[in-house]
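Trainee: I have a new model open and would like to learn how to read it. Where do we start?

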Amino acid sequence: MSSGSQQQPAQPPPYRPYRQVRAATPHSRAVSCVRFSPCGRVLATASLDGTVALLSPSNLAVIATLRGHAAGVSDLSWSTDSFYLCSASDDRTLRIWNIRSVLAAPGGHPDPAADRCVRVLKGHTNFVFSANFNPQTSSQVASGGFDCTVRIWDVKSGRCTHAIDAHSDPVTSVHFIRDGSIIVSGSHDGSCKIWDAKTGACLKTVIDDKKPAVSFAMFSPNGKFILVAALDDSLKLCNFATGKFLKVYTGHVNRVYCIQSAFSVTNGKYIVSGSEDNCVYIWDLQGRNILQKLEGHTDAVISVSCHPTENKIASGGLDNDRTVRLWVQDN
């Protein structure tokens, strides 16, 4: 019998290495967050210098700079339509920026001096560390802060609809599931909780360990899992319905900073994360093995973002580096 007559199981596409194609320095301080827009046409970056930069995802040229925060910016979130950007700052506020005119600008050259801020959300009593738009509506944002609260906001009115005493230590991350019905939060108190987005009720405590601190938590793109980072050099994939850990990803360094990781789904399924050894790590989601370690930054990398349609990764470095770098897969 010929070997060709047997059905082979579907294999994932062979891994193609990423290489750095661009580096830019759009900020005067550490880069705290990098986020491709859902439409893929803008890369937003945030910094401890208090500004948000909008960059071209092809050459990292600065399209516009958003100014208004009185202190460093820790997190960014895009609305699903890419029209609005939310920023979370140490000045205790969130700002909502209208990016529609940037996308519509003739020749891709918007007025760089235009004030694009349409809302300032006030209520947190300490640094705002995390923000996330509801993927189903640009009128709802969740935030988490050093005041240990999770807050849910009505963007149209600027009103905080729920202020939840969520954790006993700073909230490091908030993230909506894809249908917008629930929110996951992570905290330095070592716990990870699920909240009802409409009522603010706590539906479940997924993790309740005192140590290590949960430094980041997000839902997987299909909404079935939560990716949880902890300050013990680990990333874990958790089935939040059962609370069981399915996969653990290790090899990177994460003891100090809240490092934002990402799912890459444009060519195979990968987990991507920054690291305190100045590298970006890429793991095979299923196999848990490190596929590649991207070297080039000269300080810790605490944020990465994967382009929605292209095989492209953005990363940002802390104060001794300050660069935003772009990595692409060879064809």
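The dialogue below goes from the whole chain to single strands and residues.

Mentor: Start with the ground rules. This is a predicted model: local features need pLDDT of at least 70, side-chain atom pairs count only at pLDDT 80 or more, and totals for chains, interfaces and linings use all residues. Residues are numbered from 1 along each chain as its sequence is written, and side-chain values use heavy atoms, with hydrogens and water left out.

Trainee: How do I read overall size, and what radius of gyration does the protein chain have?

Mentor: The radius is taken over C-alpha atoms, and the globule rule is 2.2 Å times the number of residues to the power 0.38. For 331 residues the rule puts a compact globule near 20 Å; the protein chain has 19 Å, so the two agree. The C-alpha trace spans about 70 × 50 × 35 Å along its principal axes.

Trainee: How many helices and strands does the protein chain have?

Mentor: Both are DSSP runs, numbered from the N terminus: helices are H or I with at least four residues, strands are E with at least two. The protein chain has 1 helix and 28 strands.

Trainee: What share of the residues count as buried?

Mentor: Buried means under 20% relative accessible area, exposed means over 50%, and partly exposed lies in between (1.4 Å probe, protein chains only). Of the 331 residues, 57% count as buried. Now the surface: areas come from the Shrake-Rupley method with a 1.4 Å probe, and for residues only the protein chains shown count as cover. The protein chain exposes about 13,700 Å², with carbon and sulfur atoms supplying 49% of it.

Trainee: And contacts between parts of the chain?

Mentor: A contact means heavy atoms within 4.5 Å. Take the contacts between residues at least 6 apart in sequence: 46% of them join residues at least 24 apart.

Trainee: Where does UniProt place the "repeat: WD" feature?

Mentor: Read such records with care: positions are given in the numbering used here, feature names are shortened, and annotations may be inferred rather than shown by experiment. The unreviewed UniProt entry places the feature at residues 24-54, 66-101, 121-163, 164-205 and 249-293. Residues 24-54 are 0% helix and 48% strand, with end C-alpha atoms 12 Å apart. Residues 164-205 are 0% helix and 57% strand, and their end C-alpha atoms lie 14 Å apart.

Trainee: Now a sheet. In what order do β10, β11, β12 and β13 stand?

Mentor: Two strands pair if DSSP finds at least two bridges between them. Here 4 strands form an open, antiparallel sheet in the order β10-β11-β12-β13. β10 (128-133) and β13 (159-165) are the edge strands, each pairing on one side only. The twist averages 20° from one strand to the next. β10 pairs with β11 (residues 140-145) over 5 bridges. Among the residue pairs, Phe133 has Val141 in β11 as its bridge partner.

Trainee: Why does one side of β14 and of β17 lack a neighbour in the sheet?

Mentor: That open sheet runs β14-β15-β16-β17, again with antiparallel pairing. β14 (171-176) and β17 (202-208) stand at the edges with a single partner strand each, so one side of each has no neighbour in the sheet. β16 (residues 191-196) joins β17 through 5 bridges. Ile194 is partnered with Lys204, and Lys193 with Thr205. In this hairpin, 5 residues separate the strands, and Gly200 takes a positive phi near 80°.

Trainee: Is β3 mostly covered or exposed?

Mentor: Mostly covered: 5 of the 5 residues in β3 (residues 43-47) are buried. Leu43, Thr45 and Ser47 cover one face; Ala44 and Ala46 lie on the other. β2 (residues 31-36) pairs with β3 over 5 antiparallel bridges, and Arg35 stands opposite Ala44. The β2-β3 hairpin has 6 residues between its strands, with Gly40 in the turn at a positive phi of about 85°. β3 also pairs with β4 (residues 52-55), over 4 antiparallel bridges.

Trainee: Last, one residue. Which strand holds Cys160?

Mentor: Cys160 lies in β13. Its relative accessibility is 23%, so Cys160 counts as partly exposed. Beyond neighbours within four places in sequence, Cys160 contacts Arg151, Ile152 and Trp153.

Notes: Axes fitted to C-alpha atoms, helices over the stretch in contact; angles between N-to-C directions.
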